[in-house]
Amino acid sequence: MKPVRKAVLPVAGLGTRVLPGAKTTPKEMLNVFDRPILAHVVTEARAAGIDHFVFVTGRGKGAIEDYFDHHVELEAQLEAKGKADVLADIRSELARPGEMSFVRQMAPRGLGHAVWCARHIVGDEPFAVILPDMLMRASPPALAQAIAAYEAVGGNIVVVEPAPPGEAHKYGIVSLAETAPGFDGRLARMTGMVEKPPPGTEPSNLFISGRYILQPEIFELLASQHAGAGGEIQLTDAMVRLMATQSFHALTYDGTTYDCGDKVGLLRANVAFALAHPDLGADARTAVAALLK
């Protein structure tokens, strides 16, 4: 079984749900407390053992590449002013040699097309797909939980979580068969996926969240995948086809998800990450409490 070393991060979207904030700043670079959303996601992936990131970018996303590069003037000023702690924090997030690749999605043709754009860099090995909009707080990290499930059962892994009561029809919902050993019953074999099923017909209440482990055969299917919902090439459509020949398991991960592609979800993420900050959490709690008086 080949290890999961690479992660594909589709970051070409326009962020329409968080406009006007994302008009000039890529939505992935909007702050969650003390650093951009994308920095939190990269930290999660590194902790899971990912050593190569493939960012699928688009027009106006240059700030993403710049963030993980040196800012020579800023670093020189911090060093001159003796701000060693801030300088170390900035440098800790820099790209390591050969760690990051950037490919361009020339047109907004859907998540499946974005993943397909990374095919030459991923090559013939399993890989992770991380949707940066979905920021996950978990210990161990959400992607690490998914990789542990992959190492236990192989094949393809989809991270899922319970939909809010009465809202399963708004999501891509999985249908499940028997559970796999271990994982406290949270890992089960998948038998299908249904996109936004009519209310009352949902095969479960578990929706597909923002982390996947996929086998490279998905690329061949994406190459021939017809446009689906919204006139776009959907990753889930190709996954359903791959399910005919390969195993899929759904992992109900242990943690909390914040949808940072939504204004209120971004607010929730900011508050949650602020309260959990090891140095500033107490001050953040005091500030939030004062606002709620």
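Predicted model: local features only at pLDDT ≥ 70, side-chain atom pairs only at ≥ 80, totals over all residues.
Start with Phe33, which sits in the loop between strand 2 and strand 3 (35-36). In general, residues other than glycine mostly have a negative phi, and peptide bonds are mostly trans. Phe33 has a positive phi, near 60°. Phe33 is partly exposed, because its relative accessibility of 29% falls between the 20% and 50% cut-offs.

Further along the chain there's another case. Phe183 also has a positive phi, near 60°, and you'll find Phe183 in the loop between strand 9 (172-179) and strand 10 (187-195). With a relative accessible area of 23%, Phe183 counts as partly exposed too.

Now for the peptide bonds. The one from Leu19 to Pro20 is cis, with omega near 5°, and Pro20 belongs to the loop between strand 1 (6-10) and strand 2 (31-32). Ser139 and Pro140 are joined by a cis bond as well, with omega about 0°. Look for Pro140 in the loop between strand 7 and helix 7 (142-153).

Next, the charged side chains. The structure has 16 salt bridges, so let's pick out a few of them. Arg5 and Asp51 pair up at 3.3 Å, N to O. This pair links distant parts of the chain, 46 residues apart: Arg5 is in the segment before strand 1, while Asp51 is in the loop between helix 1 and strand 4 (52-57). Both ends are partly exposed, Arg5 at 31% relative accessibility and Asp51 at 38%.

Lys6 makes a salt bridge with Glu125, this time at 3.4 Å, N to O. Lys6 lies in strand 1 and Glu125 in the loop between helix 6 (119-122) and strand 6 (127-130), so the bridge ties together parts 119 residues apart in sequence. Lys6 and Glu125 are both buried.

What about Glu93 and Arg35? Their closest N and O atoms are 2.7 Å apart, and they form a salt bridge. Glu93 is in the loop between helix 4 (84-91) and strand 5 (100-104), and Arg35 is in strand 3, so this pair connects parts of the chain that are 58 residues apart in sequence. Glu93 is buried, because its relative accessible area of 8% is under 20%. Arg35 is buried as well, at 15%.

In general, rolling a probe the size of a water molecule over the atoms shows where empty space is left. Helix 1 (37-47) and strand 7 (134-137) are the elements that give two or more residues to the lining. Which element gives the largest share of the lining? Helix 1 does, with seven residues. By type, the lining is made up of eleven nonpolar, five polar and seven charged residues.

Conventions
Residues numbered from 1 in each chain as written. Heavy atoms only, no water. Helix = DSSP H or I, 4+ residues; strand = E, 2+ residues; numbered from the N terminus. Nonpolar A, V, L, I, M, F, W, Y, C, P; charged D, E, K, R; others polar. Buried < 20%, exposed > 50% of the residue type's maximum accessible area, 1.4 Å probe, protein only. Salt bridge = Lys/Arg side-chain N within 4 Å of Asp/Glu carboxyl O.
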